[in-house]
Amino acid sequence: MARLFERGLAARIRPLGLTPGTFPALLELWEGGGLTQKELVERLDIEQATMANTLARMERDGLVRRQKDEADGRVQRIWLTDHARGLRDAAIEAAKSVNSETMAGLSAQEQRQLVALMQKIVYRDKTSATPTSSE
């Protein structure tokens, strides 16, 4: 299911110069810039090395810039460029259209149920035991 959404998203955001790999970080930074790499890793629940590579590509592509924190020079904050801020509305609209198109065959109630079940799986307590067939 994730691949289905990713393929649709990739096709729609490619003309914007974006990739599905950068999209989650952009969503977080569109909500509020000045995050650290560590904060992005925690919010997106991805590996530090993956985030470092993603940010390096985003910096190369002119989407983000790094700036030393004023209070702690050891910390770098990640800020969106004007270019990346300008892509926000088109990128979010692209994602919404993928969601709408992918779930078009479901009733409104089925769509709500699907989203609720996916959230239950994704956001369940990570400290809980491995699920069993009875869960």
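At what angle do helix α3 and helix α4 pack, and how far apart are their axes? In this predicted model, helix α3 (residues 37-44) packs against helix α4 (residues 48-60) at about 115°. Their axes lie 10 Å apart. The crossing of α3 past α4 is right-handed. On the α3 side, the contact is made by Q37, L40, V41 and L44. On the α4 side, Q48, M51, A52 and L55 meet them. Six residues of this contact are nonpolar and two are polar. None is charged.

The strands form an open sheet of three, in the order β1-β3-β2. Pairing is antiparallel. β1 (35-36) and β2 (64-68) are the edge strands, each pairing on one side only. Five bridges join β2 to strand β3 (residues 76-80), again in the antiparallel sense. Within this part of the sheet, K68 has Q76 in β3 as its bridge partner. Helix α2 (residues 23-31) lies across β1, β2 and β3. Its direction is about 90° to that of β3.

One aromatic pair is present in the structure. The rings of F23 and W30 have centres 6.2 Å apart, and their planes meet at 80°. Planes over 60 degrees apart count as edge-to-face, so the F23 and W30 pair falls in that class. Both residue numbers fall within the range of helix α2, residues 23-31. F23 is buried, at 7% relative accessible area. W30 also counts as buried, with 12% relative accessibility. The cut-off for burial is under 20%.

Technical notes. Residues numbered from 1 in each chain as written. Predicted model: local features only at pLDDT ≥ 70, side-chain atom pairs only at ≥ 80, totals over all residues. Heavy atoms only, no water. Phe/Tyr/Trp six-rings, centres within 6.5 Å; stacked < 30°, edge-to-face > 60°. Buried < 20%, exposed > 50% of the residue type's maximum accessible area, 1.4 Å probe, protein only. Pairing = 2+ DSSP bridges. Helix = DSSP H or I, 4+ residues; strand = E, 2+ residues; numbered from the N terminus. Contact = heavy atoms within 4.5 Å. Axes fitted to C-alpha atoms, helices over the stretch in contact; angles between N-to-C directions. Left-handed = near helix turned anticlockwise from the far one by under 90°. Nonpolar A, V, L, I, M, F, W, Y, C, P; charged D, E, K, R; others polar.
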